Amino acid sequence: VYLPHEKTNIPIYPESVTKLASLTENAIRPSISLFIRLNLDLNIEEYFINKTIIKNKKQFTYYEVNEILLEQQDHEYLNDFQLLVNITTQFRYNRIQRGSINLDSAQGNISDLLITELMIMGNNLMALYFQTQTSGQKIYRNQKIKSHTFQILQTKFRSYGYNLDLINKSPLTDINRIISESIINNDSEIIFQELRKFLSNAYYSHSCTGHESLGTKWYTQWT
């Protein structure tokens with residue numbers, strides 16, 4: 001378990017495995033790498049996955065990356081971090097346009113949101129790779145929101161002064177509108193609590209049905 005603001009972690013796996021898979025600074029490690037080619041509009045043109053040998057040049061905490069981005073001071077990796085922020089912001093926008101719930105809009109700092117979006121991107125593309133380029137059994141992570149959940153949320157939101165339109169709009173799109181309004185009204189935490197309480201849990205399956213609240217047709221647990 002990685003601790004966001006510390007250069008320490010609590011191992012989930014045996015030490016022999018964690019040492020081999022760790023991103024220790026300047027250490028050489030075997031890896032499975034996802035390569036993505038983007039066009040000038042930051043949309044994916046192609047991707048491929050290979051076994052690689054990597055060297056992590058620098059190990060950062062979430063706090064350190066956030067400070068570099070906020071202070072905007074001259075730093076060796078500032079331009080790289082800013083480019084990643086631009087890419088992940090565009091990817092998040094694309095997901096929201098596809099119907100994703102913007103659960104990160106009022107939570108976390110820049111580095112948290114950056115890592116979250118990169119993980120979703122990686123998990124999405126790995127699941128697509130499973131589906132299109134591999135044979136045999138695969139494990140996908142799915143989520144389907146039941147229709148009665150939106151009716152429950154409509155009642156809950158109404159008690160806080162928000163109207164969830166289930167007739168004229170996509171429920172997920174209108175939930176994002178409510179999230180945006182609740183941020184302005186400084187009561188977004190109440191809305192997030194209700195969403196966490198009633199949204200369906202994800203489940204694992206050999207069949208892929210998509211992860212609805214993330215706005216992805218293909219999803220697995222790779223990162």
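Q: Before we start, what counts as a helix here?
A: Helices are DSSP runs of H or I with at least four residues, numbered from the N terminus. And keep in mind that this is a predicted model.

Q: Ok, so where is Tyr 62?
A: Tyr 62 sits in helix H2.

Q: Is Tyr 62 buried, exposed or partly exposed?
A: Tyr 62 is partly exposed, because its relative accessible area is 26%, and that label covers values between 20% and 50%.

Q: How far is Tyr 62 from Leu 114?
A: In sequence, they're 52 residues apart. In space, it's 9.8 Å from C-alpha to C-alpha.

Q: Which residues of H3 are buried?
A: Leu 78, Phe 81, Ile 87, Thr 88, Phe 91, Arg 92 and Arg 95.

Q: What follows H3?
A: Gly 99 does, with a positive phi near 115°.

Q: Now H7. Which residues are buried there?
A: In H7 (188–198), the buried ones are Ser 188, Ile 191, Phe 192, Glu 194 and Leu 195.

Q: Why do you say they line one face of H7?
A: Looking down the axis of H7, its buried residues fall within an arc of 160°, so they line one face.

Q: What does that buried set pack against?
A: Helix H5 (147–159) and helix H6 (171–184).

Notes:
Residues numbered from 1 in each chain as written. Predicted model: local features only at pLDDT ≥ 70, side-chain atom pairs only at ≥ 80, totals over all residues. Heavy atoms only, no water. Buried < 20%, exposed > 50% of the residue type's maximum accessible area, 1.4 Å probe, protein only. Helix = DSSP H or I, 4+ residues; strand = E, 2+ residues; numbered from the N terminus. Arc of directions from axis to C-beta. Contact = heavy atoms within 4.5 Å.
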